[in-house]
Amino acid sequence: MELIKQISAAGSSLEKNGTEYRRTYVFNKSFPGFDGHFPGNPILPGVIQTLLGQNSSMEALEQQFPHEKLILQSVTRCKFLRPVKPMEKLELSLTLKTKGLNHISICVLSVDGETAATYQLIFVPETV
């Protein structure tokens, strides 16, 4: 849970512009996600990059569909295209689409206009 707090602290507020949501992040060298990944050449792990999209997508979905209880079902079409270093300004943009009961979040992470990662997140209704 501490990691989630540190991720939130590194990010801006989620902004909506039309159908797109945006948030920026800057992770300093002391961010624990860099620990051991890799010594002397820290890069942001892919799992953290995916988590940025998951957290922001859930926030956007809660705004758009406040009465739905959703969970992440899968991550698809995931590509990591460039390393993300400490203190780089990382911009997340995401677009939500609905397909039946499922919601798809199309996420793009970029640094200085260069795509760092792309992926899709599939959210489904939580079953009790």
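## Burial and the model

A residue counts as buried when its relative accessible area is under 20%, as exposed when it is over 50%, and as partly exposed in between. R23, at 9% relative accessibility, is therefore buried. The model discussed here is predicted, and it holds 5 salt bridges.

## R23 and E59

R23 is joined by a salt bridge to E59, with 2.8 Å between the closest N and O atoms. Because R23 belongs to strand β2 (residues 20–26) and E59 to helix α2 (residues 46–64), this pair ties together parts that are 36 residues apart in sequence. The two partners fall into separate accessibility classes: R23 is buried at 9%, whereas E59 is partly exposed at 29% relative accessibility.

## E114 and R82

A further salt bridge connects E114 with R82, whose closest N and O atoms lie 3.3 Å apart. This pair links distant parts of the chain, 32 residues apart: E114 is in strand β6 (residues 114–125), and R82 is in the loop between β3 (70–80) and β4 (89–99). The relative accessible area of E114 is 43%, which makes this residue partly exposed. R82, with 17% relative accessibility, counts as buried.

## The network of E20, R22 and E91

Salt bridges with shared partners join E20, R22 and E91 into one network. Within this group, the side chains of E20 and R22 form a salt bridge with an N to O distance of 3.1 Å. E20 is partly exposed, at 23% relative accessibility, and R22 is likewise partly exposed, at 33%.

Methods. Residues numbered from 1 in each chain as written. Predicted model: local features only at pLDDT ≥ 70, side-chain atom pairs only at ≥ 80, totals over all residues. Heavy atoms only, no water. Salt bridge = Lys/Arg side-chain N within 4 Å of Asp/Glu carboxyl O. Buried < 20%, exposed > 50% of the residue type's maximum accessible area, 1.4 Å probe, protein only. Helix = DSSP H or I, 4+ residues; strand = E, 2+ residues; numbered from the N terminus.
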